[in-house]
Amino acid sequence: MSRNAKINALLLLAVAALAVLPLVLGLGDHKEEPFAGADAEAETAITEIEPDYEPWFSPLYEPPSGEIESALFAVQAAIGAGVLAYYFGLRRGRRQGEARAVEALRDAPAGD
């Protein structure tokens with residue numbers, strides 16, 4: 001197994017552990033919504049500290065349900081992952097192309 005394959009396997013294992021460990025260890029079992037987002041947690045904390053708090057602004061678009069909000073978030077994450085994958089793929093392709101060009105120049109006969 002190559003060094004890159006080992007690193008990729010370890011990274012995949014770490015990501016899987018980060019996803020599974022909170023469920024296995026029962027983190028958040030004492031909460032009504034154990035894995036609510038940071039926005040919901042912040043809103044709860046603010047209303048506990050200052051019940052009369054009024055937000056400075058309201059969202060431009062409020063999805064009609066939590067499922068739609070989750071779907072929009074997933075689409076946003078997928079687009080971001082696609083942009084990053086394209087960027088890193090482009091960089092790798094350019095690097096490989098440069099290496100091939102250098103190799104072709106080195107292997108070319110001296111008369112050409």
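Residues are numbered from 1 along each chain as its sequence is written, and side-chain values use heavy atoms, with hydrogens and water left out.

The predictor's confidence in each residue is given as pLDDT, from 0 to 100. The chain averages 87, and 94% of the residues score at least 70. Helices are DSSP runs (H or I, at least four residues), numbered from the N terminus. Confidence is lowest in helix H2 (residues 38–49), with a mean of 85, and highest in helix H3 (residues 66–107), at 93. Where pLDDT is low, the predicted coordinates should not be read in detail.

Helix H1 covers residues 3–24. The expected span of a helix is 1.5 Å times one less than its number of residues. For the 22 residues of H1 the span should therefore be 32 Å, and the end C-alpha atoms, 30 Å apart, agree with this. A kink of about 30° lies at Leu18, shortly before the proline Pro22; the bend is the angle between axes fitted to the seven residues ending at a residue and the seven starting there. Buried means under 20% relative accessible area, exposed over 50%, and partly exposed in between (1.4 Å probe, protein chains only). The number of buried residues in H1 is zero, so the helix lies largely in the open. Ala5, found in H1, is partly exposed, at a relative accessible area of 31%. After H1 comes Gly26, whose phi is positive, near 70°.

The largest pocket holds about 430 Å³ of space. A pocket is an open set of points on a 1 Å grid over the protein atoms alone, where a 1.4 Å probe fits, with protein on both sides within 12 Å along at least five of seven lines; lining residues have an atom within 4 Å of a point. Among the lining residues are Asp39, Glu43, Tyr53, Trp56, Phe57 and Ser58.

Two further residues belong to the other helices named above. Ile49 lies in helix H2 and is exposed, with a relative accessible area of 70%. Ser70, in helix H3, is partly exposed at 47%.

Technical notes: Predicted model: local features only at pLDDT ≥ 70, side-chain atom pairs only at ≥ 80, totals over all residues. Helix = DSSP H or I, 4+ residues; strand = E, 2+ residues; numbered from the N terminus. Points joined across faces, edges and corners; volume = space filled by probe spheres on them.
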